[in-house]
Amino acid sequence: MSEKPVIGITAAHCSEELQTFPRHYYVESIKKAGGIPFILPPVRTQEECDDVLSVLDGLLLTGGGDISPVYLREEPLRGIGKCSPERDWGEILLTKQSLQQNIPILGICRGVQVLAVAAGGGIYQDIPSQHPTAMEHSQTAPRQYAWHDVDIAEKSALFRLLGEKKVGVNSLHHQAVSKIPLGFIQNAHAADGVIEGIEKTNTAFCLGVQWHPESMESDIHSNALFRGFVEACRE
Ligand code: MN
């Protein structure tokens, strides 16, 4: 293992998403935290998945569109957004295998939802219809600005990293975790009760947040989160 850990950054593969997917934020955040960023196209088979993971020290599950209801074993609700089943399948494979091999995982936005689904939890397909009292989680301000507060659970790895009980975060999500997987805890929530982060207990580093720390580059908490992740990937 090199001194700098190699971090796989999941990415879209279709031209449509390439136009809107702000991958440079993730790349810069990993570099700044001391890691080597590698952009990963979706894997298709277990063999591809194993090959990719054999060269990685950590997995960064990035933001993106909604997860297809097919992978939730649910019927599609009317409010479902754009889905990329190729990405869903590849990321669920990578996540399941990383969980088994104890490879550190950081999930961001869609990434925390992928983590929840891969670990056996559940998500809302569409927050507004499934959680009618929820606040607006799709911010109308640019993504580098905070939009709402989150309360951080004090007995969590997230709290140990951030050292704060409440932080302001941005919010660009249409889905959210609805059922926490076995072996995980909720580490952050918004005032409306929407789960804003989960983490696996008794493991090296397996944590997801619903906000986009990579887009809040000047925010000390975002930097602390990436540093903690890259540090865990070094071990
Ligand atoms: Mn939110």
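Reader: Is the crossing of α4 and α5 left-handed or right-handed?
Author: This is a predicted model, where local features need pLDDT of at least 70, side-chain atom pairs count only at pLDDT 80 or more, and totals for chains, interfaces and linings use all residues. Residues are numbered from 1 along each chain as its sequence is written, and side-chain values use heavy atoms, without hydrogens or water. Helices (H or I, at least four residues) and strands (E, at least two) are DSSP runs numbered from the N terminus; a crossing is left-handed if the near helix is turned anticlockwise from the far one by less than a right angle, right-handed if clockwise. For α4 and α5, the crossing is right-handed.

Reader: At what angle do the axes of α4 and α5 cross?
Author: Axes are lines fitted to C-alpha atoms, for helices over the stretch in contact, with angles from 0 to 180 degrees between N-to-C directions. Those of α4 (residues 85-101) and α5 (residues 110-118) come within 9 Å. They cross at roughly 65°.

Reader: Which residues of α5 does α4 meet?
Author: Contact means heavy atoms within 4.5 Å. On the α4 side, the residues include Arg-87, Ile-92 and Leu-99. Their partners in α5 are Arg-110, Val-114, Leu-115, Val-117 and Ala-118.

Reader: Which residue in β10 is the bridge partner of Ala-188?
Author: Strands β9 (residues 184-189) and β10 (residues 195-200) pair in the antiparallel sense, over five bridges. In β10, the partner of Ala-188 is Gly-197.

Reader: Which residues coordinate the manganese ion?
Author: Donors are N, O and S atoms within 2.8 Å of the metal (3.2 Å for Na, K and Ca); water is not among the atoms, so sites may look incomplete. In sequence, the donor residues are spaced H-x10-H-x22-S-x1-H-x22-E. At 2.2 to 2.4 Å, the ion is held by His-137 (ND1), His-148 (NE2), Ser-171 (OG), His-173 (NE2) and Glu-196 (OE).

Reader: How many residues apart in sequence are the parts that His-148 and His-173 tie together?
Author: Both count as buried (under 20% relative accessible area; exposed is over 50%, partly exposed in between; 1.4 Å probe, protein chains only): His-148 has 7% and His-173 has 3%. Because His-148 lies in strand β6 (residues 148-152) and His-173 in the loop between β7 (166-169) and β8 (176-179), the pair ties together parts whose separation in sequence is 25 residues.

Conventions. Two strands pair if DSSP finds at least two bridges between them.
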